[in-house]
Amino acid sequence: MSFPMAIKPLIRFFKPEDAEHCSFLMQNHFRNYATNLSVEVRRQIADSRTTEYIQKIVTDRAIVVAVIDHKIVGMGGLKQNEIRHMYVSSEFQGKGVGSAILRFLEKEAYYNGFSSLIVNSVPHSEEFYKKNGFKPLINTQIERHGAKLDTILLEKLIE
Ligand SMILES: CC(C)(COP(=O)(O)OP(=O)(O)OC[C@H]1O[C@@H](n2cnc3c(N)ncnc32)[C@H](O)[C@@H]1OP(=O)(O)O)[C@@H](O)C(=O)NCCC(=O)NCCS
């Protein structure tokens, strides 16, 4: 838990007018922070995270946003029972926003009849998922724009 600095964002489902903000969150992450990837791959991924990309992914998964003072500061996704697209803008990280998004998505998965959540996490975020009750299962690799990315598959049982 993040008691000393915790702030309470509003978590709500994506609305069409959020697409630009979500695209910005993703692009900003890949342009400026995803240093586990080469500059070229980061650029390719950032360029692909357009508003059209967001409009496409919302057709087969739930996307939620975290709002503070009417500003979108984070997002997360749920495809079946898999957590996807977790991004919190850098100035709001470490304040409980990501955890609030996860709690919302966990409830959504529960209401949809799932008994577990899974996530393919980059090593950098493994601790965040562990602090939220996930247990590592296996080391994995995913491919993004031709680059192999080391990930850890984690699971959380929900009830
Ligand atoms: C990972 C991410 C979504 C976490 O969101 P957040 O709002 O910063 O997380 P919280 O403030 O709810 O953190 C909850 C706990 O996890 C810890 N934590 C969060 N990110 C961490 C990290 N990268 N390394 C170690 N611990 C981390 C926090 O310190 C906090 O611990 P505490 O309860 O002891 O205070 C956010 O840092 C982010 O957007 N990162 C960049 C994108 C990314 O890596 N996404 C995940 C792809 S799998």
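Visitor: What share of the 159 residues in the protein chain is buried?
Guide: A residue is buried if 20 or more other C-beta atoms, placed from the backbone, lie within 10 Å of its own, exposed if 12 or fewer, and partly exposed in between. Here, buried residues make up 26% of the 159 residues. Keep in mind that this is a predicted model, where local features need pLDDT of at least 70, side-chain atom pairs count only at pLDDT 80 or more, and totals for chains, interfaces and linings use all residues. Residues are numbered from 1 along each chain as its sequence is written.

Visitor: What is the radius of gyration of the protein chain?
Guide: That radius is taken over C-alpha atoms, and the globule rule is 2.2 Å times the number of residues to the power 0.38. For 159 residues a compact globule would have a radius near 15 Å, and the protein chain agrees because its own value is 15 Å. Its C-alpha trace spans about 40 × 40 × 35 Å along the principal axes.

Visitor: How many helices and strands are there?
Guide: Helices (H or I, at least four residues) and strands (E, at least two) are DSSP runs, numbered from the N terminus. The protein chain has five helices and seven strands, in the order β-α-α-α-β-β-β-α-β-α-β-β from the N terminus on.

Visitor: Which residues of α1 are buried?
Guide: First, the general idea: an α-helix has 3.6 residues a turn, so residues three or four places apart point the same way. In α1, the buried ones are Cys-22, Leu-25, Met-26 and Phe-30. Seen down the axis of α1, they fall within an arc of 120° (taken from the directions from the helix axis to the C-beta atoms), so they line one face of the helix.

Visitor: What do the buried residues of α1 pack against?
Guide: They pack against α2 (39–48), α3 (51–57), β2 (62–68), β3 (71–79) and β4 (82–88). Two residues are in contact if their C-beta atoms, placed from the backbone, lie within 7 Å. Of the contacts in the protein chain with a separation of 6 or more, 61% are between residues 24 or more positions apart.

Visitor: Where is Asp-69?
Guide: Asp-69 sits in the loop between β2 and β3. Its phi is near 50°, a positive value in a residue other than glycine. Asp-69 counts as exposed because it has 8 C-beta neighbours inside 10 Å.

Visitor: Is His-70 buried or exposed?
Guide: His-70 counts as exposed, with 6 C-beta neighbours inside 10 Å. His-70 is in the loop between β2 and β3 and has a positive phi of about 65°, although it is not a glycine.
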